[in-house]
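Let us read this structure together through a few questions, taking each answer step by step.

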Amino acid sequence: MATTTTTSPNFHQNPEFYPEMAVSASPSSPDGLEFYQFMIAGSIAGSVEHMAMFPVDTLKTRMQAIGSSSCSTPSVNLRQSLKTILKLEGPASLYRGIAAMGLGAGPAHAVYFTVYESFKKVLSAGNPNNPAAHAASGVFATVASDAVITPMDVVKQRLQLKNSPYKGVVDCVKRVLVEEGVGGFYASYKTTVVMNAPFTAVHFASYEAAKRGLMEVAPERVGEEETLVVHATAGAAAGGLAAAVTTPLDVVKTRLQCQGVCGCDRFSSSSIGEVIQTIVKNDGYGGLMRGWIPRMLFHAPAAAICWSTYEAAKGFFHDLNSRNNQVD
């Protein structure tokens, strides 16, 4: 991913990040940030993104897991699902499982940036703007970070289900280990990795197109504040589009992670094809798009929040480094 030059002192050759898919940044970046500062900024951005949009994620999980009235909301209509949850379970149920995401998001994003930067340094061959190296590094980073976040995502989704049998994060972890073994936490790992590949491709392609279009509207006015608005707007458009395109694989992931809980279907293997066949057989092809609206409603603002939070955190570290350099 090429860098973007702006008129802002804090954004010279500014590398853009999205917590799931990082782009060019390194300890020697013109931004003047240390490597650990990029990791911290990315971790903060990822955590804020997931925590802020958690209620929408709960709605998505309920709608995608539907296949049994005991494991999800009776209606697949977004508004009716929300009303049913609020009426029968209360607002607190929308946040059940948020602790699991809080525990997983930060470390997963830290791992992402660590792996990404390590591979990028090796594969770039001295060319910091090598798109092939960025893409390959992103793949390695995705595989590694998904390995960290998937177990907590399993716990999160099982706690989000209606009438979830688990008392909390610790209880869920213990019971999954006893009843299903370590493999129970990774039944959806392959699907998650496969899903994130096209998500990344669509996200960055649409993000770059949207960003260029927004920058061309009034290039002479693109300062620091305007740059943040561009990041947020382009990120929201890209996140929403990528989310819609990859919804079928997200439905498969949810079914695998919630299988056997609250009466949800159990599968003989973690085969993506088997799960798709079961969904189509029972619910038709429309079943593969369940939850696409809340998924878009999650990823559009989540991407905007992520880009903006990351840039704000990076700006904080930039100012901090500048002050420290003046003192020295």
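Q: Is Arg-158 buried or exposed?
A: The model is predicted, so local features need pLDDT of at least 70 and side-chain atom pairs count only at pLDDT 80 or more, while totals for chains, interfaces and linings use all residues. Residues are numbered from 1 along each chain as its sequence is written, and side-chain values use heavy atoms, with hydrogens and water left out. Buried means under 20% relative accessible area, exposed over 50% and partly exposed in between, with a 1.4 Å probe and protein chains only. Because the relative accessible area of Arg-158 is 1%, this residue is buried.

Q: With which residue does Arg-158 form a salt bridge?
A: A salt bridge is a side-chain nitrogen of Lys or Arg within 4 Å of a carboxyl oxygen of Asp or Glu. For Arg-158 the closest N and O atoms of the pair are 2.7 Å apart. The partner, with a relative accessible area of 27%, is partly exposed, and the salt bridge of Arg-158 is with Glu-180.

Q: Which residues of the largest nonpolar core touch the most other members?
A: A nonpolar core is a set of buried Ala, Val, Leu, Ile, Met, Phe, Trp, Tyr and Cys residues joined through side-chain atoms within 4.5 Å. The largest one has 15 residues, and those touching the most other members are Val-155, Leu-161 and Tyr-166.
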